[in-house]
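Okay, thanks for coming, everyone. Let me put the model up on the screen, and then I'll walk you through a few spots inside it.

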Amino acid sequence: MNRLGLILLGVFYIVSIVVVVNSGAVGTGILGKEKRITFAHWQLEDGFREGYEDAIKEYERIKAAQGEKVKVVQTTVPVRGYAQWFLTQLIGGDCADVIELSGNDDIRNQYFTPLSQYLGDPNPYNKGTPLEGMPWRDTFADDMITALSQQYSEYFGVSTFVMTTRMYVNVDLYEKAMGHRRMPETLQEWIDACEKIQEYGKKVDRPLIPIGVRGFDKGTIGQILNHYNDQINASYNDSISDYAYGTSNYEIYKRIAEKDPRVDLDRFLQPVEITTAIGRYFAKGFSAIDLEQTKFLFNSGNVAFFIDGTWNAFSMVNNSNFKVDVIPIPSIGKKPGLVSVPGIREGAKYNYLGRMTEVGGGLGGLFGIPKSTKHPELALDFLHFITSYRISQLTMIRHSKWLSPLKKVDYAEAFSDEIGKMCHCRNNSVKNLSPEEKKEQVELLQKCRPYEGSGYSNITTINSIGSKTVKDNILTLETMIIEQPKNPKQIFWNTIVNRTPEAIRELEETIITEKRTHWNNDGIRTAFTIGALVDKKAYENRIRLTMEGMVGRVKMLDDLLEVPVNMRKLEEIK
């Protein structure tokens, strides 16, 4: 029996080696001659893996029809351990062939294939779609602006999804408190609704929470502050930059310190006043409540409004025992102009610019190709495939119930029989949906789509100087929400001024890093000279992209060198 046990152990050991090697990403395995690539990510949300399981089978079928046997292995790693796993795989030189990016630009520049030279060519898998013939870069809603590494003026990854921020509403609770189902559109209507929900809670003797928040990570505070800051101050993007595009927090401080008449300090502090006032309707002890606790409170019917990203839209709607509506965070007013909100401060008027564009923000799921891949052409081909029009409809819209990062996408078409033919998963929930259920899912996704066509894009908040200083300032805002002082703008500004020594120390480290980047760019220019002799087309494409980034780098260093001096003048500003 001992001999038999040892023999069986040896057999199972050999079989396990064969199975592991054959299912891995190295070479072609042992049992087959197909080319094998690995696709790795941390997205464990419902539908994501299933969607790409279908996409992979469709890709393998297409390649087989072309006479090329290909096997794609999907690997998932929980997000908590992903960063460490990701770096370990890169250093070990045996990384997945197409992998979701993590880490900073230095890691990407060292280990990943630059994609810029491929972005001007059409995605071959978009043939027969509204994106046919368009350069790969132009098929994305933001023209891949958010994928650009400004430090290296290079693209190392391509986005697979986009997220927006929306407000989830318990419609049943809202109707009982308000007497109707018309959702709040303006800040004043939202505040009035919160008041009535509090009154209704006292009437029925229930501890109702008007606004559920992510308090532990301060996420909701930042979302509200940024939302109203954009609506009040985004016009400064067009007026106070010396470089005629956008503006940075460094330029804002420079203009304030110089007492530039074009800049109104009070306007930059108004979002603080609004956020503090809205905070009256958070739960008691909100600062210790995390995301999952807030979702539980919402699903149990104790929260009326909950602000979060649209990655949670499908689960928030389907996991609640009541009707849930998805609406934008209310704007300051209905039409651009000066708006008074009596619920905040009597006589206060806010400069409402209109709703901001959401195109260019929220794009995520960046996937890149490591330099160590043994099949670079096949990895690039697969990256083209998963970012194509039809596959984005299949993976993101149909399966994940998320938003596609591509232009001109028809969301209803994602639930059509044509896309359904690519579904191979046994647990594909879409196959058995009724027409009404499909219609509801499309309507939900349409409510989450980014707003387009606005003349303004987002602008930085006044507290955005140094990562630690930003966190400290958010904590000050949290304290003001709890204590509800009479003049939150003055308190917040005094806090910023008192923290200038800490902020300057952080800036000094940033300046050193920025100078180092400029030194690296000298090496890039030398490489251009050599590159022109080898591949003229690639050289011309690369230098155009790099010059786009060079202007940004010069602008950044210019701002950084001035801002410490300007920040020391802030004590004089009231």
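So, cavities to begin with: this structure holds 2 of them of 30 Å³ or more. By cavity I mean a set of points on a 1 Å grid over the protein atoms alone where a 1.4 Å probe fits but cannot get out; points are joined across faces, edges and corners, and the volume is the space filled by probe spheres set on them.

Before going on, some housekeeping. This is a predicted model, where local features need pLDDT of at least 70 and side-chain atom pairs count only at pLDDT 80 or more, while totals for chains, interfaces and linings use all residues. Residues are numbered from 1 along each chain as its sequence is written, and side-chain values use heavy atoms, with hydrogens and water left out.

Now look at the second largest cavity, with about 40 Å³ of space. Its lining residues, meaning those with an atom within 4 Å of a point, include Ile-209, Ile-211, Phe-286 and Leu-297. Which strand gives the most to that lining? That's β8, with 3 residues. Helices here are DSSP runs of H or I with at least four residues, strands are E runs of at least two, and both are numbered from the N terminus. Both β8 (209–212) and α10 (291–299) supply at least two lining residues each. By class, we get 7 nonpolar, 2 polar and no charged residues; nonpolar is Ala, Val, Leu, Ile, Met, Phe, Trp, Tyr, Cys and Pro, charged is Asp, Glu, Lys and Arg, and the others, Gly among them, are polar.

Next, aromatics. The whole structure has 23 aromatic pairs, that is, Phe, Tyr or Trp rings (six-membered ring for Trp) with centres within 6.5 Å; planes under 30 degrees apart are stacked, over 60 edge-to-face, the rest tilted. Take Tyr-59 and Tyr-125: their centres are 6.5 Å apart with planes at 55 degrees, so that pair is tilted. Tyr-59 sits in helix α2 (residues 48–65) and Tyr-125 in the loop between α4 and β4, so the pair ties together parts 66 residues apart in sequence. Both tyrosines are buried, meaning under 20% relative accessible area with a 1.4 Å probe, protein chains only.

Tyr-125 also pairs with Phe-385, centres 5.2 Å apart and planes at 80 degrees, so this one is edge-to-face. Phe-385 is in helix α12 (residues 376–386), so here the linked parts are 260 residues apart in sequence. Phe-385 is buried as well. Ring pairs link these residues into a cluster that includes Phe-39, Phe-161 and Trp-402.

Note on methods. On a 1 Å grid over the protein atoms alone, a cavity is a set of points where a 1.4 Å probe fits but cannot get out, and a pocket is an open set with protein on both sides within 12 Å along at least five of seven lines; lining residues have an atom within 4 Å of a point. Buried means under 20% relative accessible area, exposed over 50%, partly exposed in between (1.4 Å probe, protein chains only).
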